[in-house]
Amino acid sequence: MFAQSPVRKARLAFLGGISPDAGAMTGQVAPLRLGLRELGYVEGRNLAIEFRWAEGQPQRLPVLAAELIQLAPDVLVTVGPGPALAARDATRSLPVVAVLVDDPVQMGLADSFSHPGRNFTGVSAAFSGILAKRLQLLKDFVPSARQFAVLHNPSTAKGSDIAKDIASYGHTLGVPVALVEARGSDDFDAAFASIARDRVAAIAILADATFWTHHAKLIALCAQHRLPAVWGHKSYVEAGGLMSYQGDFVAMFKRSAALVDKILKGAKPGDIAFEQATQLNLVVNRTTAKDLGIPIPKNVLVGADELIE
């Protein structure tokens, strides 16, 4: 049953870091629209949404955020860390629902998860220890590994924050973990050359708008170096990556509609608790594992939520 339709036309702005490709439309926009529709908001009737996409170019985000803010929407929805940070730097008054951020407190979006206290609320895509779980999955695939790596974009997340975590994770796993940086596709070849020199056995590649824009090159480099990789979303696995372990993006975007609705009905975002992903999915690509010549461990097969052929 649908909720009673609101009378006033709501104005929503949407800032995404990637391109409006099929993955973004089905995994982000469609579930947000569905969630809003179930709450009584229908585009063209009582809802208008203005979209801006950075297309994997983070330097465009401040301008795009400013454009949307000038339109004076009721709520701004941001996707991923980069857009959220651009909105944080651009406004302290416009209500923002930030989706697919990791730690909103660490990012300066909120005072705490339960009481954000600012103009932000949203849904976090991660939980404490998700990277440790990804590295454990790599250890399951390559139990004899002597070196792992984590590839990240320093424009999206501070390397110092990640380094603290991976040092402890490496100690627990008994495998050193190197932190490798890449700001864009021009850095990929050098990053993988350093990975090869260090004899890295497997890699965790953190989800990032720029990485997704150039995911075909990253996946090809993993294949070229015969490097098992765990990714930040199943879209990478559908495109040929080995495996992913991440929250359910569709569920998170549908849930974000409820936060938008609360704000439209008068709630302050600072009074609405940041939520965290409750459903985490392990997706494995059988074909990629076969191409790499690596058997899928029995515990991974049993624990997988989805197997892609």
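## Close-ups of a predicted model

**View 1. Helix 6 meets helix 8.** The axes of helix 6 (residues 188-197) and helix 8 (residues 215-224) come within 11 Å, crossing at roughly 25 degrees. That makes helix 6 roughly parallel to helix 8, a label for angles under 35 degrees. Here, helices (H or I, at least four residues) and strands (E, at least two) are DSSP runs, numbered from the N terminus. Axes are lines fitted to C-alpha atoms, for helices over the stretch in contact, and angles run from 0 to 180 degrees between N-to-C directions. This is a predicted model, where local features need pLDDT of at least 70, side-chain atom pairs count only at pLDDT 80 or more, and totals for chains, interfaces and linings use all residues. Residues are numbered from 1 along each chain as its sequence is written, and side-chain values use heavy atoms, leaving out hydrogens and water.

**View 2. Who touches whom between helix 6 and helix 8?** Helix 6 brings Phe188, Asp189 and Phe192, while helix 8 brings Lys217, Leu218, Leu221 and Cys222; contact means heavy atoms within 4.5 Å.

View 3. Follow the order 7-6-8-9-10-12-13 and you'll find mixed pairing; two strands pair if DSSP finds at least two bridges between them. At the edges sit strand 7 (177-181) and strand 13 (306-308), each pairing on one side only. Neighbouring strands of this sheet are turned by 20 degrees against each other on average, direction ignored.

**View 4. Strand 6 beside strand 7.** Strand 6 (residues 148-152) and strand 7 run parallel, joined by five bridges. Look for Phe148, which stands opposite Val177 in strand 7.

How values were computed
Angles under 35 degrees count as roughly parallel, over 145 as roughly antiparallel, 65 to 115 as roughly perpendicular and the rest as oblique.
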